[in-house]
Amino acid sequence: MDNQRMFLFVALSVILLLIWQAWEGEQRRHPPAPVAAPVSGIPSTPASPASATTTATPGVPVAPGISETPVTGESISVRTDLLQVEINTLGGDLRRVALPKQPVAADRPDEPFVLMRDDGPNVFFAQSGLLANNAALPTHKSLYRAAATRYVLQDGADTLDVPLEYVAPDGTRVIKRYRFQRNSYLVDVQYQIANRGAAPIEAYAYAQLVRSPVAAPSIFDAAPSYTGGVIYSPEQKYEKIKFDDMAKQNLARPVKNGWVAMIQHYFLGALLPTRDAATEFYTEPESGGRFAIGYKTLAPVSVAPGSSAQLDTKLYVGPKDQSRLAKLETDGIAPGIRLTVDYGVLTFIAAPLFWLLAWIHKLVHNWGFAIILLTVLIKLVFYPLSAASYRSMAQMRKLQPRLQAMKERYGDDRQKMQQAMMEMYKTEKINPLGGCLPILVQIPVFIALYWVLLESVEMRQAPFMLWIKDLSSKDPYFVLPLLMGASMLVQQWLNPQPVDPIQKKVMYALPVVFTGMFAFFPAGLVLYWVVQNLLSIAQQWHITRAVESGGKATAGKA
């Protein structure tokens, strides 16, 4: 029957989508090897868009390439209310960042999630430095001096400064200062240059994020979230720069009022250049399997002998908290940075859904109940469409005995069977696709909500009730997946039954398949599907009972 074929098509499409996502994740387990070429430094604008090589921007010095994990240098510990940071005096690099307000797991609340680290398989750290054609300014390979090895944001203080000092051979003094703020993942990086030489200094700044590709999520995860580079420019907006793209060709693009970042599921590190500064975004591979994405300034700051100057940049390192990202946008620091919460092509639907979900959460203070209430609201909005679909299914269900009689009468003569079915539909004034089209209209909303629940860090380790302690993790006792599978079986029983026995077996096998897949999905996603199915069952049962009892008018008002 057409209804069953359409439902089967949709269900199999979902399965194929999940298989494709798992395959894509598996491909990222084995990223392509970087270009086998010596690292010559930060690249600049290519000679032509089609060229894979880069040429130096006239007048702009070329910095050292990515440095290896340092074997010298002193580690400086920094503690604020939101960040636990380690800075190395070699280059003044941000080598380790842990997030105490984001535990690694719900059952390990005292163990902070480590976002950045310079060791292990998942290397991720931040570097920055200065360039000059006529002076020895500190790069990420220069050694700084620090006055202390431990800094703590004190009670009552709103900021914490961590100064590092570098003195050039000609006496020029550079202070690289990290400024941390209370209740903030935004870090200011300032360079104060005091020219003690005899000639003016034309100083440029650069900053880069260095990362190794990470293993993809398990095939049993809901979906592999993107991990890699992203950039934003006012002209091209939000773009993903994948590791295999970095391996094929170095990026070299002039941008003003943009930013660069490395993102992963729930978290990001972003370099935020000074507003209106002319910069060049670049990428660069390293022979050790790591990649850098960053920017350098194109307009120098002139420092006359005996005078001083300052260069600034900002770094955001933390969760993709949408309220914090929204503030970066409204303050003019990072336009478009909320796009790092990647809902895909359905962002125009997903973003309002998240806003509504967050608004409900402010009322109920529980993300699980917020998901339930949002599902109810969506169901109410689509109630008329669902009612039309279920009426059509109920009418088809009433015709089941006649369809079975036709199958027995015409046997394997499919052409006569189809002609008789269409004649019956015409006589009974039934549209065989009437049960499917309203459902197809709702699919984009369901998919958008799926990505909202999957991508929002607000769901991470959010408790619901009873045994569900983390809505972003799977149900530890598989209760919700089993309820979802049972609800799908009830829906199959309410639907018109296929005449073809093979098709019938496939339809009843789908709940088992989906239960197996959803057993490893985040509990928040499964909760949404359970509530959606239960509401659909209630509505479909009411309409089916009305139609089968002859109350077509009543069903039409349902």
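This is a predicted model: local features need pLDDT of at least 70, side-chain atom pairs count only at pLDDT 80 or more; totals for chains, interfaces and linings use all residues.

Student: How many helices and strands does the chain have?

Tutor: There are 13 helices and 20 strands in the chain.

Student: What percentage of the residues is buried?

Tutor: Of the 558 residues in the chain, 53% are buried. As for the surface, the chain exposes about 25100 Å², and 60% of this area is supplied by carbon and sulfur atoms.

Student: Which residues touch the most other members of the largest nonpolar core?

Tutor: In general, nonpolar side chains in soluble globular proteins tend to be buried together. Here the largest nonpolar core has 121 residues, and Ile 87 and Phe 180 touch the most other members. Helix H9 (residues 437-455) gives this core its largest share, nine residues. A second, separate core comprises 10 residues, among them Met 396, Leu 399, Met 424 and Ile 430.

Student: With which residues is Ile 87 in contact, leaving aside neighbours within four places in sequence?

Tutor: Its contacts include Ile 76, Val 78, Leu 94, Val 162, Leu 164, Tyr 178 and Phe 180. Glu 74 and Asp 93 are also in contact with Ile 87.

Student: Which residues form a nonpolar patch on the surface?

Tutor: Trp 355, Trp 359 and Leu 363 form such a patch, with about 400 Å² of accessible area together. Trp 359 belongs to helix H4 (residues 347-364).

Student: Why is Trp 359 classed as partly exposed?

Tutor: The class runs between the cut-offs of 20% and 50% relative accessible area. Trp 359 is partly exposed because its relative accessible area is 44%.

Methods
Residues are numbered from 1 along each chain as its sequence is written. Side-chain values use heavy atoms; hydrogens and water are left out. Patches are made of residues with over 30% relative accessible area and no salt bridge: like charges are joined within 9 Å, nonpolar side chains (Val, Leu, Ile, Met, Phe, Trp, Tyr) within 5 Å. Accessible areas come from the Shrake-Rupley method with a 1.4 Å probe; for residues, only the protein chains shown count as cover. A salt bridge is a side-chain nitrogen of Lys or Arg within 4 Å of a carboxyl oxygen of Asp or Glu. Helices (H or I, at least four residues) and strands (E, at least two) are DSSP runs, numbered from the N terminus. Buried means under 20% relative accessible area, exposed over 50%, partly exposed in between (1.4 Å probe, protein chains only). A nonpolar core is a set of buried Ala, Val, Leu, Ile, Met, Phe, Trp, Tyr and Cys residues joined through side-chain atoms within 4.5 Å. Contact means heavy atoms within 4.5 Å.
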